[in-house]
Amino acid sequence: MHTDLPLEESKYDKLGRYLFATEIASGLVNSFKNNNESIVLGINGAWGSGKSTIINFIINEVKRLTNENEEEIITVRFNPWMFSGQKELQNIFLKELFIKLETNKEKLKDASKKIADFLEHLNWLKYIHSGTGEAVSDAQKFLQGLSKEKNLSELKSDIDDLLIKSKVKLYITIDDIDRLTPSEITDIFQLVKLNGNFANTIFILAYDHDVVTTALNQQFGENGKKYIEKIVQIDYTLPSVSKEDITRIFIDSINTLFPSGEICEIIKSQSDEIKTEPFIKYFKSLRDIYRYNNSIKLRLSSIFNDLNLLDFLSIEALRIFNQKAYQFVIDNKENLIYQKSVTNYNFRMGSNDENSAKDIIEKTEFDITTKNILNRLFLIDTMLSFNTESPEDLIRAKRVANKNYFDRYFNLQLANFDIQEETFDKFINSTETQTNIEILKDINEKNQLFQFLNWVEIKNNKSKKEQQKNILLSALGFTNLMTYKRQGLFGYDSDIMSVLRFCSKILNDIEDLEERRKIISEHLVKIQKEIHFSSFYVADTIMNSKELLDKEKLYSDYLWYDLFKREKEDDDLYIKDLIEKRNISAKQLFTKLLEDKDFLGEDEITLILGVVKNSFPEYYDENFPKLIVNDNELIKYLWLSIKKNWMTSNSNTGYQLAEYQFFPGLDKEKIKERIDKFDLDLFDENENKVIALFNKAYNDGFKENKYYNIETLEDMGRY
């Protein structure tokens, strides 16, 4: 924990201030040792720039140099914070000075009587109270016999004589002047003006020039700057801290906060990413860094495994440096987090939440750094373009933009995602698949499924083989209850895919390849007795992984990596059986769809139709027309054809409709004949948009790479 105290030792100097300070100290000692002049030195720098540290370094170096030269000095650190009013300030200043002289009287010739004289004429006795110190308790003895009043000028003359005769230099430091009120700042500078001509005396003042000038302007009009120049003979401005130094020091300091353990490794592994985070621009001084580090020191160690490190660091920066922005995030949760569309005609294909977050952030009056932080946290690109993140990535990375993780960033303490430990234990240790499926249903209803699975993956490491098998079959069985909705441009991610990724990871913990394959086959055989999209989709994704394997692009973190022996004959034989299972499952789903038009979701329909056409062409050609007898169903399948190919530009979504996009059995001329006979008033707004886009593409000749804005039908150009 950093206490924000100024440094005393040069070995902790991170900004190279020590060399700067030693140069000043050397100049003071060498330039003024042979005369009795006084000087007022100013140390100018912004709040938190290290002025107090500079003063410490200067005084320490002065002591070292004068000790080497066998010279005597007395240092007085005057703190004006506890006093107000010019008269009181002057009295207290002189009293502190005299008591300091008393404690150093061995350095001063004939000091005792003179100091007692000084104290008498300031009525020192009325300030005496218990515990003040030996010098005060003996003051009564010093004061006896004095009867002559002296004015301030005479007292100062006596002090001058004392210092000159003793050849002692007096160093007086006054720090934190810029943290006083404007009237108090004025009082301090008048104090220095009044006392700055002591012989052998060096005043060192620390302040922010802009703050002090503003305060003096209030007192003296536009002459604040000139007033400072009359009092301060030498003004040193601290070099500004570069952005590079700030970043370097922050990275070094955050690494030293956690010198060992898992959290240390995580921070080190992400140091390069942390350096580029926009929140670092909040740091203007070391004090900002220390203030920030003190906070994360208290919080990060208890939650680093449960949240995304970069998101956490960004949100903590908002909390510390921009409380309004922090509260803005809490108040606008529903607008900022990523949410998948649930409408049938989602013309913006998942980008709507990105747009709403972008709009709401842009409308704020926050500074550019804060807006960049908010954009970094909540503008999630789900189009699978460059630098993209999918909804799956949000879950795996524990991002704040995911609804299930959001609240965790704003609670003081995590409690296993509010899921009791006994639920984890029951799920991991159960031997009943159906019991586990019920647990997953309950967890999913609370929007906690993916956090739960993440924790199961962690907690499952030491489970027995039978436990792992049951966990795997339970998760696969739960996919029967899920609807597939593609996410991203190529449909690589969905909720069901997220569960399958979990299954693939659990599969990796089962050592025997044949046992892995047996578990998958057991699942497929079991659910083929029923009719579930999951049976088709599991087999289809395994086939996709085999295609990647054949291209030598199936990497260790890819889905179903551990189902292959990497011997072509063996793997080909295994996949042949799966292809048959997949094709049969697709036909079963297609047949059920003929009976119940709402049996499958839109994206599920899109996946199975091509498989049925290729595997059972006669059956497909005979039965597909039954799906589009109803005009509304025709528009539905026309929409499914259109949304196969789309693009985004400037927050707008454009759709292409080329001939190759039509499902087999959708004849464009027959569609045109039917549409021309439609009473458009019988169709809703979204259906009419689909009809209008079809007519536009028809008239343009169904050109490839020609995209239309579905709202306006304007040509959005070529992609």
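The legends below describe close-up views of a predicted model.

**View 1. Overall content of the protein chain in the predicted model.**
The protein chain comprises 34 helices and eight strands. Of its 719 residues, 53% are buried. Of the contacts between residues at least 6 apart in sequence, 72% join residues at least 24 apart.

**View 2. Confidence along the protein chain, given as pLDDT.**
The chain has a mean pLDDT of 80, and 81% of its residues reach 70 or more. Helix H5 (residues 134-137) has the lowest confidence, with a mean of 40, while helix H31 (residues 617-627) has the highest, at 96.

**View 3. The largest nonpolar core and the surroundings of Ile 542.**
The largest nonpolar core holds 90 residues, of which Phe 452, Ile 542, Trp 560 and Tyr 637 touch the most other members. Leaving aside residues up to four places away in sequence, Ile 542 touches Ile 520, Trp 560, Leu 563, Phe 564, Tyr 574, Ile 575 and Leu 578. Another core lies apart from the largest one; this core has 54 residues, including Ile 249, Phe 283, Val 400 and Tyr 409. In soluble globular proteins, nonpolar side chains tend to be buried together.

**View 4. Helix H11, residues 243-257.**
Helix H11 has 15 residues, and at 1.5 Å a residue it should span 21 Å. Buried positions in H11 are Ile 246, Thr 247, Ile 249, Phe 250, Ile 251, Ser 253, Ile 254, Asn 255 and Leu 257.

**View 5. Packing of helix H15 against helix H16.**
H15 (residues 309-321) and H16 (residues 323-331) pack at an angle of about 125°, and their axes are 5 Å apart. The two helices are therefore oblique to each other. From H15 the contact involves Ile 315, Leu 318, Arg 319 and Phe 321; from H16 it involves Gln 323, Ala 325, Tyr 326 and Val 329.

**View 6. Packing of helix H30 against helix H32.**
Here the angle between H30 (residues 602-615) and H32 (residues 631-642) is about 75°, with the axes 11 Å apart. H30 and H32 therefore count as roughly perpendicular to each other. On H30, Glu 602, Ile 605, Thr 606 and Leu 609 meet Lys 636, Tyr 637, Trp 639 and Leu 640 on H32. One of these, Tyr 637, is also among the residues that touch the most other members of the largest nonpolar core.

**View 7. Asn 709 in strand S8.**
Strand S8 (residues 708-709) contains Asn 709. The relative accessibility of Asn 709 is 10%, so the residue counts as buried. Not counting residues up to four places away in sequence, Asn 709 touches Asn 652, Thr 653, Gly 654, Glu 714 and Met 716.

**View 8. Asn 56 in helix H2.**
Asn 56 is located in helix H2 (residues 51-68). Its relative accessibility is 4%, under the 20% limit, so Asn 56 counts as buried. Asn 56 and Ala 21 are 35 residues apart along the chain, and their C-alpha atoms are separated by 8.7 Å.

Conventions. Residues numbered from 1 in each chain as written. Heavy atoms only, no water. Helix = DSSP H or I, 4+ residues; strand = E, 2+ residues; numbered from the N terminus. Expected span 1.5 Å × (residues − 1). Buried < 20%, exposed > 50% of the residue type's maximum accessible area, 1.4 Å probe, protein only. pLDDT = per-residue confidence, 0-100. Core = buried A, V, L, I, M, F, W, Y, C linked by side-chain atoms within 4.5 Å. Contact = heavy atoms within 4.5 Å. Axes fitted to C-alpha atoms, helices over the stretch in contact; angles between N-to-C directions. Parallel < 35°, antiparallel > 145°, perpendicular 65-115°, else oblique.
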